[in-house]
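Here is a short briefing to read alongside the model.

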Amino acid sequence: MSRLKQRYLEKIKAELQQKFEYANPMKIPQLLKIVLNMGIAEPSKDKNSIQDCVNEMALISGQKPIVTKAKKAISNFKLREGQPIGIKVTLRGKRMYEFADRFFNIASPRIRDFRGFPTKGDGRGSYTLGLNDHQVFNELNLDNVKRTQGMHITFVTSASTDEECLELMRLLGLPFKNLPVVTVAA
């Protein structure tokens, strides 16, 4: 069992129960999945650069990503139907908790001029953040990375409100602006 999941089961569930006073313990929010998205608009013209992006995303996530393709052609964007436009990975279970632990404790502090993530959810219990540079993940060999690529990371929880979601993410260790950070003992 990953140390983040163990910490969730032992401490975080109890803290959430105490703060929000749920009548049913099944209503306590939990992390359901993590979705990583990377747009590849620029390198879509070159097959080798698409494969490089796929390989980098596989190293970051620990599983093979799928390439998303355009559903319809849009002439103003020079986009053809079926053209690759993004890469996506959905993490669940053990890989999800291991990725979250690595992201919260190793990758986030490596972000340039980092002062915390904004405290704004989507209103339905999920939290999405964007990175300008995927090179903050130490799984990547920086000598082999040819171009800087941004990505979105979505944390999908079972929380029904933003307040519950943000409290869950804060207790898991995601560093927010203007909120105290919960440190993880090794």
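**Helix packing and the core**

Helix 1 and helix 4 cross in a right-handed way, meaning that the near helix is turned clockwise from the far one by less than a right angle. Please keep in mind that this is a predicted model, where local features need pLDDT of at least 70, side-chain atom pairs count only at pLDDT 80 or more, and totals for chains, interfaces and linings use all residues. Residues are numbered from 1 along each chain as its sequence is written, and side-chain values use heavy atoms, leaving out hydrogens and water.

**Helix 1 with helix 4**
- The axes of helix 1 and helix 4 (residues 162-172) lie 10 Å apart, at an angle of about 140°.
- Contact here means heavy atoms within 4.5 Å, and the residues involved include Leu4, Tyr8 and Ile12 of helix 1 and Leu168 and Leu171 of helix 4.
- This contact has eight nonpolar, no polar and six charged residues.

**The nonpolar core**
- The largest nonpolar core has 48 residues; such a core is a set of buried (under 20% relative accessible area, 1.4 Å probe, protein chains only) Ala, Val, Leu, Ile, Met, Phe, Trp, Tyr and Cys residues joined through side-chain atoms within 4.5 Å.
- Helix 3 gives the most to this core, with seven residues.
- Leu131 is among the residues with the most contacts inside the core, and beyond its neighbours within four places in sequence, its partners include Phe103, Phe137 and Ile153.

Key. Axes fitted to C-alpha atoms, helices over the stretch in contact; angles between N-to-C directions. Helix = DSSP H or I, 4+ residues; strand = E, 2+ residues; numbered from the N terminus. Nonpolar A, V, L, I, M, F, W, Y, C, P; charged D, E, K, R; others polar. Buried < 20%, exposed > 50% of the residue type's maximum accessible area, 1.4 Å probe, protein only.
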